[in-house]
Amino acid sequence: MVYELTGLISNLCFKGYTKFSSIEKVEWNNRGFSTFHAIIVAVASLYLLLVSDLFDEDSRDESIIYRASALSDTILGISIGYFLSDLGMIIWNFPALGGLEYVLHHGLSLFSIILSLISGQGQVYILMVLFSESTTPFVNLRWHLDVAGLKSSNLYICNGIALFFGWLVARIILFIFFFYHMIIHFDECEENIPIGVLQLADGASSAGNDECVLVLENCKGFDKNSF
């Protein structure tokens, strides 16, 4: 529905949309769907990790590794639906919407999220990775502006600056904390989490690294001309 709604809104608000080829329309709508998912999961992850007391170390006796809630389960379910549908679009239109690195990224993400949702364990790490999706709207906006012929606009420049600092926080600093948190809780994870569930942290971190590669690929024009 979000995919179709993106096409409908674009057709009404952007005259150049009708001039796109069929594959360009597919990618335009696909990125709109991607942006919608990224905003939802990033906001929800930020709330669950920082605002709520669900993952507050001192809020309860239960191990932080085992904590989950109806909201966190819902967010993971939404992400599973998104990655499944987007993976289907990528495979159906392969390689127009992305190469094997996108398939690997989505596969690792699905493995990690499904494993965490089924077991009810390690959701704190999955949510950290999902928060890194907060840079996706900036990547997609950059693409949209480029395709719309607005590469020289002030909005393009401001978006580029926001993307740089967002990527620094959500893709670099966050993952430093991600690995630090895993290290200080390593003994707890090793003793209490089944081997298969422990692998979700590795899958999630690998997905995060792939996302960094994807951002760099999408921002290949992010040089002095972008500023």
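**Figure 1. Phenylalanine 165 in helix H7 of the predicted model**. Phenylalanine 165 is found in helix H7, which covers residues 154–184. The residue counts as partly exposed because its relative accessibility is 47%, and that class lies between 20% and 50%.

**Figure 2. A nonpolar patch on the surface**. Phe165 is one of the residues that form this patch.

**Figure 3. Serine 34 in helix H2**. Helix H2 spans residues 22–51 and holds serine 34. Serine 34 has a relative accessible area of 9%, so the residue is buried; the cut-off for buried is under 20%.

**Figure 4. The surroundings of serine 34**. Neighbours within four places in sequence are left aside here. Serine 34 is then in contact with Tyr82, Thr136 and Asn140. With asparagine 140 there is a polar contact, side chain to side chain, at 3.3 Å.

**Figure 5. The protein as a whole, for orientation**. The protein has 9 helices and 0 strands. From the N terminus on, its elements run α-α-α-α-α-α-α-α-α. The protein has 227 residues, and 48% of them count as buried. Take the contacts with a separation of 6 or more: residues 24 or more positions apart account for 75% of them. The protein exposes about 11,600 Å². Carbon and sulfur atoms supply 67% of that area.

Terms used. Residues are numbered from 1 along each chain as its sequence is written. This is a predicted model: local features need pLDDT of at least 70, side-chain atom pairs count only at pLDDT 80 or more; totals for chains, interfaces and linings use all residues. Side-chain values use heavy atoms; hydrogens and water are left out. Helices (H or I, at least four residues) and strands (E, at least two) are DSSP runs, numbered from the N terminus. Buried means under 20% relative accessible area, exposed over 50%, partly exposed in between (1.4 Å probe, protein chains only). A polar contact is a pair of N or O atoms within 3.5 Å; within protein, one must be able to donate a hydrogen and the other to accept it, and residues adjacent in sequence count only if both atoms are side-chain atoms. Contact means heavy atoms within 4.5 Å. Patches are made of residues with over 30% relative accessible area and no salt bridge: like charges are joined within 9 Å, nonpolar side chains (Val, Leu, Ile, Met, Phe, Trp, Tyr) within 5 Å. Accessible areas come from the Shrake-Rupley method with a 1.4 Å probe; for residues, only the protein chains shown count as cover. A salt bridge is a side-chain nitrogen of Lys or Arg within 4 Å of a carboxyl oxygen of Asp or Glu.
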